[in-house]
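Please open the structure in your viewer and keep the selection panel at hand.

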Amino acid sequence: MERRFQRDLSSLPELSRFVADFLTHHGLSPSNAYDLDLILEELFTNVLKYGSGKDEVLVGLTRDDSLITIAVREFDAAKAYDITRAPEPDLTRPIAERKVGGLGIHMVRQLAETIRYEYKDRVSTTTITKKVSANA
Amino acid sequence: MLEIKVEDEGRVTLKGRLDAASASKAREALRPLKGPMALDMGGLEYISSAGIGVVVETYKRLHGEGAGLRVLNLSPGVRAVFRFAGLEQMLAIE
């Protein structure tokens, strides 16, 4: 399944509905929604913060047995933004000394099986795989 | 959709989804409040890194004022995000 989303935070509820539709379509448990919502929100908001593309963002969800592939793609991107190169936040520091930022990508890393990035012909694509639990 | 209710004695209840779209609403509601504070997340279905950012900001502000922050009634999904953020051992979670 693929769907296009406006480059705006107001798209987040639609992203969540897209995940719910996908799980229903594949007969997968709704309990998988939290992790998929979280991955998609973090990827999508990173595009809003750091992306350089134009127009809508294309999100794709595909299933191969228990493995879900999530692809977030922006078009006419002036430059690459490779989340696999983003530094890890220092989570050992006391909260009062913590810097803001980097946490979303860290969470994606915690949840994902694999993370791949490609920038080609001004198209910027981040692809994540995530295992899901059994059918509903 | 996020609902925030300020109760008596520093208790604040959060319901719904605390995500990047609702983080500013939460930030505006919490910013004027003095500590000590207890964030009751029993009705919170979902939190993302943006929501965690609001909790961390609130903790830092209250800590600077010499007051504490407690976080109550986390669902398993929300607790997992606190764990990913390295906060499970650092915050007072009940």
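The stops below begin with the contact between the chains and end with individual loop residues. Please note that the model is predicted.

**The contact between the chains**

Select chain A and chain B together. Their contact draws on 20 residues from chain A and 20 residues from chain B. On the side of chain A that touches chain B, the elements giving two or more residues are α2 (33-50) and α3 (103-111) of chain A. Of the elements on this side, α2(A) gives the most, with 6 residues. Colouring this side of chain A by class shows 11 nonpolar, 5 polar and 4 charged residues.

**The nonpolar core**

Next, select I39(A), L40(A), L18(B), L39(B) and V81(B). These are the residues with the most contacts inside the largest nonpolar core, which has 57 residues. The largest share of this core, 8 residues, comes from α2(A). In general, nonpolar side chains tend to be buried together in soluble globular proteins.

Centre the view on L40(A). Beyond its neighbours within four places in sequence, L40(A) is in contact with L15(A), V19(A), V59(A) and I70(A).

**Helix α3 of chain A**

Now select α3(A). Which residues of α3(A) are buried? They are L103(A), G104(A), I105(A), M107(A) and V108(A). The cover over the buried residues of α3(A) comes from both chains: it includes α2, β4 (114-120) and β5 (123-131) of chain A, together with α2 and α3 (76-84) of chain B.

**Two packed helices in chain B**

Move to chain B and select helix α1 (residues 23-30) and helix α2 (residues 49-64). These two helices of chain B pack at an angle of about 15 degrees, and their axes are 9 Å apart. Because angles under 35 degrees count as roughly parallel, α1(B) is described as roughly parallel to α2(B). The crossing of α1(B) with α2(B) is right-handed.

To see the contact itself, display A23(B), A26(B), R27(B) and L30(B) on the α1(B) side, which meet A50(B), G51(B), G53(B), V54(B), E57(B) and T58(B) of α2(B). By class, this contact has 5 nonpolar, 3 polar and 2 charged residues.

**A cis peptide bond in chain B**

Remaining in chain B, select G35(B) and P36(B). The peptide bond that joins G35(B) and P36(B) is cis, with omega about 0 degrees. P36(B) is placed in the loop between α1 and β3 (37-47) of chain B.

Return to chain A and select D76(A), in the loop between β3 (67-75) and α3 of chain A. Is D76(A) buried or exposed? D76(A) counts as exposed because it has 12 C-beta neighbours inside 10 Å. Leaving aside neighbours within four places in sequence, the contacts of D76(A) are G53(A), K54(A) and R122(A).

Then select R122(A), in the loop between β4 and β5 of chain A. R122(A) is not a glycine, yet its phi is positive, at about 65 degrees. With 15 C-beta neighbours inside 10 Å, R122(A) counts as partly exposed.

**N73(B)**

Finally, select N73(B), in the loop between β4 (69-72) and α3 of chain B. N73(B) is likewise a residue other than glycine with a positive phi, near 60 degrees. N73(B) is partly exposed, with 17 other C-beta atoms within 10 Å.

Notes
Residues are numbered from 1 along each chain as its sequence is written. Chains are lettered from A and ligands numbered from 1 in the order in which they are written. This is a predicted model: local features need pLDDT of at least 70, side-chain atom pairs count only at pLDDT 80 or more; totals for chains, interfaces and linings use all residues. Two residues are in contact if their C-beta atoms, placed from the backbone, lie within 7 Å. Helices (H or I, at least four residues) and strands (E, at least two) are DSSP runs, numbered from the N terminus. Ala, Val, Leu, Ile, Met, Phe, Trp, Tyr, Cys and Pro count as nonpolar, Asp, Glu, Lys and Arg as charged, and the others, Gly among them, as polar. Axes are lines fitted to C-alpha atoms, for helices over the stretch in contact, and angles run from 0 to 180 degrees between N-to-C directions. Angles under 35 degrees count as roughly parallel, over 145 as roughly antiparallel, 65 to 115 as roughly perpendicular and the rest as oblique. A crossing is left-handed if the near helix is turned anticlockwise from the far one by less than a right angle, and right-handed if clockwise. A nonpolar core is a set of buried Ala, Val, Leu, Ile, Met, Phe, Trp, Tyr and Cys residues joined through C-beta atoms within 7 Å. A residue is buried if 20 or more other C-beta atoms lie within 10 Å of its own, exposed if 12 or fewer, and partly exposed in between; C-beta atoms are placed from the backbone.
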